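Please look through the model below before reading on. The numbered notes that follow take it part by part.

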Amino acid sequence: MHEYSIVQALLGQVERHARDHHASAVHRLHVSIGELSGVEVELLETAYDTFRERSICAAAELEIHPVAALWTCPGCAREIPRGTALRCSDCGLPARLTRGDEIVLDRIEMEVA
Ligand SMILES: [Zn+2]
């Protein structure tokens, strides 16, 4: 499952950061998930609960921040609202997705001894 490999990658990232900062515990992870990233938030949470047990994140909460999709015109940078044709009404250019397909580890709250 897609979400399982995402979680394994996330935990790997967290473990590297924790080691670099000599952290003794991780309290919370903040992850941004774009609505078009293809990630099911519930599946991601399930995967996290499965994998965190024997990791440094065993006691860490996973906080997921959903990111709404945003399209803009590559010509004039105007925002193009959803539900309309995905094309700029001024330039006629096809809209470009500027936000909403990301999977990003934003922040790690950890205890540094
Ligand atoms: Zn435009």
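1. The protein donors are the SG atoms of Cys73, Cys76, Cys88 and Cys91, at 2.3 to 2.4 Å from the zinc ion. A donor here is an N, O or S atom within 2.8 Å of the metal (3.2 Å for Na, K and Ca), and water is not among the atoms, so sites may look incomplete.

2. This is a predicted model, in which local features need pLDDT of at least 70 and side-chain atom pairs count only at pLDDT 80 or more, while totals for chains, interfaces and linings use all residues. Residues are numbered from 1 along each chain as its sequence is written, and side-chain values use heavy atoms, leaving out hydrogens and water.

3. The spacing of the zinc donors in sequence is C-x2-C-x11-C-x2-C. Cys73 sits in the loop between strand S3 (70–72) and strand S4 (79–80), and Cys91, 18 residues apart from it, in the loop between S4 and strand S5 (96–99). Is Cys73 buried or exposed? Cys73 has a relative accessible area of 1% and is buried, whereas Cys91 is partly exposed at 38%. Buried means under 20%, exposed over 50%, and partly exposed in between, with a 1.4 Å probe and protein chains only.

4. The protein has two helices and six strands, in the sequence pattern α-β-α-β-β-β-β-β. Helices (H or I, at least four residues) and strands (E, at least two) are DSSP runs, numbered from the N terminus.

5. Three strands make an open sheet of mixed pairing, in the order S2-S1-S6. Its edge strands, S2 (61–67) and S6 (103–112), each pair on one side only. Two strands pair if DSSP finds at least two bridges between them. Strand S1 (residues 23–34) is antiparallel to S6 over nine bridges; Leu29 has Ile108 in S6 as its bridge partner.

6. Helix H1 (residues 2–20) lies across S1 and S6, at about 40 degrees to S6. Helix H2 (residues 41–51) packs on the sheet, touching S1 and S2, and its direction makes about 160 degrees with that of S2. Axes are lines fitted to C-alpha atoms, for helices over the stretch in contact, and angles run from 0 to 180 degrees between N-to-C directions; contact means heavy atoms within 4.5 Å.
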